[in-house]
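Student: Hi! Could you walk me through this one?
Tutor: Happy to, let's open it up.

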Amino acid sequence: MDSTAAAQNADHPEAPLAHVADARVLVAVFAALIVLTGITVAVSYFDFGVFNLLVALAVATLKAGLVAAWFMHLRYESGLHLFIFLAGVAFLSLFLLLAMLDSVQYHPDIQTWEQRK
Amino acid sequence: MTESSPHGEGSNHAVSPHAHLAHHFDTPGQQYDSARLGMWIFLLTEILFFGGLFCAYAVYRANRPEVFLDGHRFLDKPLGAANTVVLLFSSLTMALAVRASQLDRRKVLVCLLAVTVLCATVFLGVKAVEYKHKWDHRMVPGQARIEAWFSRGPKDVTPGNEFRPDEAYVKEHLEKAGYGNLDKEGLARAVKNLSTFMSIYFCLTALHALHVAVGIGVMVWLLVGAARGRFGKSYFTPVDLAGLYWHLVDLIWIYLFPLLYLIH
C-alpha cells in the first residue's frame, strides 16, 4: 500500500499533500517532552552508580523518539524516511561501537603506560 | 522552480498545473516527496556529522571519566535546563507553523515563525551568557593564544600552556562542590582535566549553536516569504523542510544536555 504523497496526489489532485498534524497532539507531545526533561534533571541529583549514564541516555532517546515520531511526522509517512533515520542511527552506533571496542581493548595498556610515567 | 509548464503526453491530470510545479516532476505530490527525501538524506549526514564529536566524547569519557566529572561542575545546570525548555518550545511552534502553512493560515504562520525565531535567539543569548562566563574565568581553550593575537595577553604562549584558567576560581568552585582542600598537585590535575572537558564542551555546543544560527537565518527567510503569502495548501515544502531541520537541531540538543550538564 503506497501511502506516499505522489500516489495520493495522482489519484486526487486536490488531496492534501501530507498529513496535517492535530494541534492537540503536538501540544500533548510537547507536554510529555517537558515532563521527561524534568525527570532527567531530577534523576541527575540521585546516584544510581553504573546506571546513571544509561538512565540519562534512555530518557534522551525517549524524547528523541517523541520528536521524531510526531514533530518530524515519521509516524504518518511511508517507511522510507523512518528507514533513512534509523540507518543513520545504525551507522552512528556502528561508528561508536567500533571506536569504543578499540578503546576498551587497550585500556590496560594505557593504564600501564600511565603508571610508568 | 516556479514556472508553469505544459504537461507532456500520458499525463493523468485533468486540472491545470500548479504554479510551483517544476517541469521535471509529474505531480506536486511527487515533487514534494522528492524534496522531503532529499531533506531526510541531508539530516542523515547531519546525524553522522555530530556523530563524530559524540564519538570523541564517548572515547574520552570511557577512558577518563574524571575529566567529565570535574569539568561539568563548571556548567550551569539551570541555564542548560532553561535552554532545553526553550528549544523544545520552539520545536512545538515550528511544528504548529508547518501545520498552519498546510491549512493556508497566513497570519498564524507568521506569528508562529516569529515565536520560533525569538526562542532560537533566546537560546543563543543564554549560550552567549554561558560563554562569556567561561571567558571571564579564562576557561576557553586557547584563550591565552587568542588574547596574545590581540596583543592583550601573556607573551609566553606555547602550544603546551594555552589553557590558563583563573586558578583561584577553579579551586574555590571545586572546593564548594565538595572536593575538599585541593593541594597544588590536585589543582594541576583539575586544570588539566578542565582543559580537555572545555575543548569537548566548546566544540559540541559551538557547532550546535552554529546550526541554531543557520536555522534562524532560514526561518527569517521563511518569515519574509510567509508574510508575502508564498506558502499555502499547495506549496508549503520550504516550511516543512525547515521544520525537519529545526527538529533535528532540537534532537541533537536533547542528547547534548544530559551528556554535558547532567553528569554524576
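Below we chat about the chains and how they meet.

Tutor: This is a predicted model, where local features need pLDDT of at least 70, side-chain atom pairs count only at pLDDT 80 or more, and totals for chains, interfaces and linings use all residues. Residues are numbered from 1 along each chain as its sequence is written, chains are lettered from A and ligands numbered from 1 in the order in which they are written, and side-chain values use heavy atoms, with hydrogens and water left out.

Student: Okay! How many helices and strands does chain A have?
Tutor: Chain A has five helices and zero strands. Helices (H or I, at least four residues) and strands (E, at least two) are DSSP runs, numbered from the N terminus.

Student: And how much of chain A is buried?
Tutor: Of its 117 residues, 33% count as buried. Buried means under 20% relative accessible area, exposed over 50%, and partly exposed in between (1.4 Å probe, protein chains only).

Student: Which residues make it?
Tutor: The partners are A:E77 and B:R36, at 2.4 Å from N to O.

Student: Are those two buried or exposed?
Tutor: A:E77 and B:R36 are both buried.

Student: Which other residue does B:R36 form a salt bridge with?
Tutor: B:D33, with the closest N and O atoms 3.1 Å apart. B:D33 and B:R36 sit three residues apart in helix 1 of chain B, so about one helical turn separates them.

Student: New topic: where is A:F46?
Tutor: A:F46 lies in the loop between helix 2 (23-43) and helix 3 (51-71) of chain A. A:F46 is exposed, with a relative accessible area of 53%.

Conventions
A salt bridge is a side-chain nitrogen of Lys or Arg within 4 Å of a carboxyl oxygen of Asp or Glu.
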